[in-house]
Amino acid sequence: MTFKEKIRQGYWTRKRIATPTGTQHCLNCGKDYDGSYCPHCGQSHATHRITWGNFWRNFVMNGIGLQGTLPHTIIELFYRPGYLIRDYLAGKRQHYTNPFRMLLLTAAIFVLFNGMGIGGNIKESAAELSMAMNTEENMTAQDTAAVNEVTQGMMDTMYSNFGTFNLLLILTMTVPFWIAFRRAGQYRNQPLNISEAATAMAFVGCQNMVVNLFSLPFIQKGTIGIVVTIGYIIVIPLFFLTLRQMFDMKWPHFLVRNFIFAALFLLFYLVFTTLIVMYVVVGQQAG
């Protein structure tokens, strides 16, 4: 098996499921059976005494719906993201976390960590950077104050509704992605539909949130510009790799479709940003 084939098949992160040998005794219904699950009640053979490790896996991870799949999904998002999405859309979902659930979870963790002061106050740091960028010699003090007020309002709106903002950003990416790539690659018998496009972009959103979480401890006043730049250096090539793995197509066609996607996304993003500015301005005027 070549190195590329190992990546495509998830050789290093593929879950090896061990089938038990011999007859098993179900602790739930008391029946004897062969295999991994009791055919009478469905309980797994891997039901053990409750310890701290089993408590974490069975009650905490299963309780929030992750079932131990989160680490597996995160690892694959960074070395075979396009193949992960292909597998998930093809129905191989048992060993992956639902991308929308993962997106909400990582957004909640981000807000929690930021609220605990990890990495300073990212909202204040981002607002300070935006205000510095908005300061120009040809702007009057009144204009500068007005721009800074809108900027601060945008930061407050974004970070007070961080999970919602990320979901809206995914929706903003979904339509351009669907338009540009819905018939690309043809690795399946039918093109992508809009729901599958949203699922693919949700995985991309999870990539971004994981990068944000790892960069959070390094964000301080005066360093946010550097951290954001490094984040883009990671996220943009990763997104390009995701699309390249996801679609089987020649380079010229792939680059053309990327250009179409980028142009449409820029248009949708400008509309999205304009709506946020209008919402902030109207809110400030009403207040």
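**Entry 1**

I began with R86, which counts as buried because its relative accessibility is 13%; I take buried as under 20% relative accessible area, exposed as over 50%, and partly exposed as in between, with a 1.4 Å probe and protein chains only. The model is a predicted one, in which local features need pLDDT of at least 70 and side-chain atom pairs count only at pLDDT 80 or more, while totals for chains, interfaces and linings use all residues. Residues are numbered from 1 along each chain as its sequence is written, and side-chain values use heavy atoms, with hydrogens and water left out.

I then looked up the partner of R86 and found that D248 forms a salt bridge with R86, the closest N and O atoms being 3.2 Å apart; a salt bridge here is a side-chain nitrogen of Lys or Arg within 4 Å of a carboxyl oxygen of Asp or Glu. D248 lies in the loop between α10 and α11 and R86 in helix α4, so the pair ties together parts that are 162 residues apart in sequence; helices are DSSP runs of H or I with at least four residues, numbered from the N terminus. D248 counts as partly exposed, because its relative accessibility is 37%.

**Entry 2: the other salt bridges**

I noted that the structure holds three salt bridges, and that E76, R80 and D87 are linked in a network of them. E76 pairs with R80, the closest N and O atoms being 2.5 Å apart, and D87 also pairs with R80, with 3.0 Å between the closest N and O atoms. R80 is buried, with a relative accessible area of 0%, and D87 counts as buried at 16% relative accessibility. E76 is buried as well.

**Entry 3: the nonpolar core**

Which residues have the most contacts inside the largest nonpolar core? I found F177, F181, M201, M246 and F247, in a core of 37 residues; such a core is a set of buried Ala, Val, Leu, Ile, Met, Phe, Trp, Tyr and Cys residues joined through side-chain atoms within 4.5 Å. Among the helices that each supply at least two residues of this core are α4 (81-89), α8 (162-181) and α11 (251-286), while α9 gives the most, with nine residues.

**Entry 4: a patch on the surface**

Last, I looked up a nonpolar surface patch of about 470 Å², which is made by M1, F3, Y11 and W12; its residues have over 30% relative accessible area and no salt bridge, and nonpolar side chains are joined within 5 Å. F3 lies in helix α1 (residues 3-9) and counts as exposed, because its relative accessibility is 58%.

Key
Patches are made of residues with over 30% relative accessible area and no salt bridge: like charges are joined within 9 Å, nonpolar side chains (Val, Leu, Ile, Met, Phe, Trp, Tyr) within 5 Å. Accessible areas come from the Shrake-Rupley method with a 1.4 Å probe; for residues, only the protein chains shown count as cover.
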